[in-house]
Amino acid sequence: HDMHHYGFESGGVQFDWGYIQRSRDAYIARLNKIYDTNLSNSGVTKLIGRASLAKDANGNVEVIVSPSDDSDPENNSVQHTYRAKHILIATGGAPTIPRG
């Protein structure tokens, strides 16, 4: 009864991979919106970019963030330093397809 939710059609049993991909993407987008809303409602400042941890002269931890826009190499040279009582780093990534 639920096979159409998984990309299958009844009768001559066919599979729609595009439907699965669109459904997955919509689900992930919905989850990301929920996470963003919850973080925002909790007063979290979200910074997107490349980050590294360092210690300042007093031994306090700071985060150095550069924008992650790879299309503008000059913009990547701009760094901002942040200090806070609590720092959460959520790593992410994108696949790299090897040549060959």
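Predicted model: local features only at pLDDT ≥ 70, side-chain atom pairs only at ≥ 80, totals over all residues.
Residues are numbered from 1 along each chain as its sequence is written, and side-chain values use heavy atoms, with hydrogens and water left out.

The accessible surface of the protein comes to about 8,800 Å², and 53% of that area belongs to carbon and sulfur atoms; such areas come from the Shrake-Rupley method with a 1.4 Å probe, and for residues only the protein chains shown count as cover. Among contacts between residues at least 6 apart in sequence, 7% join residues at least 24 apart, a contact being heavy atoms within 4.5 Å.

## Secondary structure and sheet

The protein has one helix and five strands, and from the N terminus on these elements run β-β-α-β-β-β. Helices (H or I, at least four residues) and strands (E, at least two) are taken as DSSP runs and numbered from the N terminus.

Three of the strands form an open sheet with the order β3-β4-β5 and antiparallel pairing, two strands being paired if DSSP finds at least two bridges between them. The edge strands of this sheet are β3 (50-55) and β5 (80-82), each of which pairs on one side only. Neighbouring strands of the sheet are turned by 30° against each other on average, direction ignored; the axes are lines fitted to C-alpha atoms, for helices over the stretch in contact, and angles run from 0 to 180 degrees between N-to-C directions. Strand β3 is joined to β4 (residues 61-66) by six bridges, and the two run antiparallel. Across this pairing, serine 52 stands opposite isoleucine 64 in β4.

## Salt bridges

The structure holds five salt bridges, each defined as a side-chain nitrogen of Lys or Arg within 4 Å of a carboxyl oxygen of Asp or Glu. One of them connects glutamate 62 with arginine 83, with the closest N and O atoms 2.9 Å apart. That pair links distant parts of the chain, since glutamate 62 belongs to strand β4 and arginine 83 to the segment after β5, 21 residues apart. Glutamate 62 is buried at a relative accessible area of 10%, whereas arginine 83 is exposed at 54%. Together with Asp56, Glu62 and Arg83 are linked in a network of salt bridges.

Another salt bridge is formed by the side chains of aspartate 25 and arginine 24, at 3.0 Å from N to O. Aspartate 25 counts as partly exposed at 41% relative accessibility, and arginine 24 is likewise partly exposed, with a relative accessible area of 42%. Aspartate 16 forms a salt bridge with arginine 22, the closest N and O atoms being 3.9 Å apart, and aspartate 16 counts as partly exposed at 29% relative accessibility.

## Nonpolar surface patch

Met3, Phe8, Phe15 and Trp17 make a nonpolar surface patch of about 390 Å². Patches are made of residues with over 30% relative accessible area and no salt bridge, with like charges joined within 9 Å and nonpolar side chains (Val, Leu, Ile, Met, Phe, Trp, Tyr) within 5 Å.

How values were computed: Buried < 20%, exposed > 50% of the residue type's maximum accessible area, 1.4 Å probe, protein only.
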